[in-house]
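Subject: Structure for your files, with notes

Hello,

Here is the structure I said I would pass on. My notes follow it; please keep the two together.

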Amino acid sequence: MAERLHLDQQAQGFFEGLWQQGDHWEFESSDFEQQRYTRLLALLAGRRYPRVLELGCGAGTLTRQLAPIADHIVALDISPTAIARARTLSIGPASVDFRQANVMEYNPQTEGPWDLILLSDTMCYLGWLYSCFDVGWLASQLFAATRVGGHCLFANAMGEFGDMLLLPWLVRTYRDLLYNVGYVRETEEIFQGTKHGVRIEVLMTLCVKK
Ligand SMILES: C[S@@+](CC[C@H](N)C(=O)[O-])C[C@H]1O[C@@H](n2cnc3c(N)ncnc32)[C@H](O)[C@@H]1O
């Protein structure tokens with residue numbers, strides 16, 4: 001229990017520290033990130049998603065782009081600074097509830113069922129700090145909280161460029177967790193781009209609860 005509290009504090013301290021310095025990942029300004037969002041939205045195109053849960057929304061850059069295809073979005077991030085920044089966005093017709101929360105302490109079933117759950121570059125950080133059991137448990141809770149016919153969009157950067165959190169076999173293991181808890185693959189692609197001169201792949205998987 002004390003160990004879990006320590007992890008939660010470590011997670012909040014680390015990500016809050018990054019967001020206090022600004023847009024660390026350059027979500028707003030990087031061409032790579034904008035192209036990544038465009039591909040993610042293309043995977044979601046052709047449907048409306050009445051109730052959306054986004055885990056690790058940062059300052060809401062992707063959330064804003066999701067708004068035209070959603071009715072209501074709950075977007076969670078552990079960093080108070082990121083959430084404060086997200087709340088300043090003008091979002092269009094969808095209602096968006098930006099909330100400071102640790103997704104590992106959030107029960108997605110309380111407010112479910114969800115038509116779409118998004119994990120965009122979030123899983124690698126959960127797997128960094130939390131145990132395999134805890135991340136697997138979260139995946140099972142997400143599945144339980146998804147409406148039958150609803151979707152989960154998983155996306156994570158990966159590559160062999162020195163960031164151990166993004167090793168391809170590890171990222172594919174996170175993706176496989178979603179299959180193991182019951183989601184079925186609808187479509188998958190590997191987006192490729194360059195950021196700061198480094199070639200990066202992003203595994204993008206849209207899965208469904210049948
Ligand atoms: C790489 S950013 C991705 C942001 C956004 N999903 C996107 O693709 O633009 C990862 C985000 O996850 C958040 N995060 C990390 N661990 C978290 C946790 N346990 N609970 C909630 N948010 C978390 C970080 O604060 C950060 O904003």
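Ser120 is found in strand 4; helices (H or I, at least four residues) and strands (E, at least two) are DSSP runs, numbered from the N terminus. This is a predicted model, in which local features need pLDDT of at least 70 and side-chain atom pairs count only at pLDDT 80 or more, while totals for chains, interfaces and linings use all residues. Residues are numbered from 1 along each chain as its sequence is written, and side-chain values use heavy atoms, with hydrogens and water left out.

Ser120 has a relative accessible area of 13% and therefore counts as buried (buried is under 20%, exposed over 50%, partly exposed in between; 1.4 Å probe, protein chains only). Leaving aside neighbours within four places in sequence, Ser120 is in contact with Arg36, Leu40, Gly56, Leu62 and Ala155, where contact means heavy atoms within 4.5 Å. With Arg36 there is also a side-chain to side-chain polar contact of 2.9 Å. A polar contact is a pair of N or O atoms within 3.5 Å; within protein, one must be able to donate a hydrogen and the other to accept it, and residues adjacent in sequence count only if both atoms are side-chain atoms.

The ligand has 18 residues around it, and Tyr37, Gly56, Asp77, Asn102 and Ser120 come nearest (a residue is near if one of its heavy atoms lies within 4 Å of the molecule).

- Arg36: a polar side-chain atom lies 2.9 Å from a ligand oxygen.
- Gly56: a backbone N or O atom lies 2.7 Å from a ligand nitrogen.
- Asp77: a side-chain N or O atom lies 2.7 Å from a ligand oxygen.

Next, the largest pocket. Its volume is about 820 Å³, and 46 residues line it, with Trp25, Phe27, Asp121, Cys124 and Tyr125 nearest its centre. On a 1 Å grid over the protein atoms alone, a pocket is an open set of points where a 1.4 Å probe fits, with protein on both sides within 12 Å along at least five of seven lines; lining residues have an atom within 4 Å of a point. Grid points are joined across faces, edges and corners, and the volume is the space filled by probe spheres set on the points. The lining has 28 nonpolar, ten polar and eight charged residues. Here Ala, Val, Leu, Ile, Met, Phe, Trp, Tyr, Cys and Pro count as nonpolar, Asp, Glu, Lys and Arg as charged, and the others, Gly among them, as polar.

Asp121 sits in the loop between strand 4 and helix 5. It is buried because its relative accessible area is 17%, and its phi is near 55 degrees, a positive value in a residue other than glycine. His196, in the loop between strand 6 (184-195) and strand 7, also has a positive phi, near 50 degrees. At 63% relative accessibility, His196 counts as exposed.

Gly112 and Pro113 are joined by a cis peptide bond, with omega about 0 degrees. Pro113 is in the loop between strand 3 (95-100) and strand 4 (114-120) and is partly exposed, at 34%.

Glu28 lies in the loop between helix 1 and helix 2. A polar contact of 3.0 Å joins its side chain to that of Thr61.

Regards
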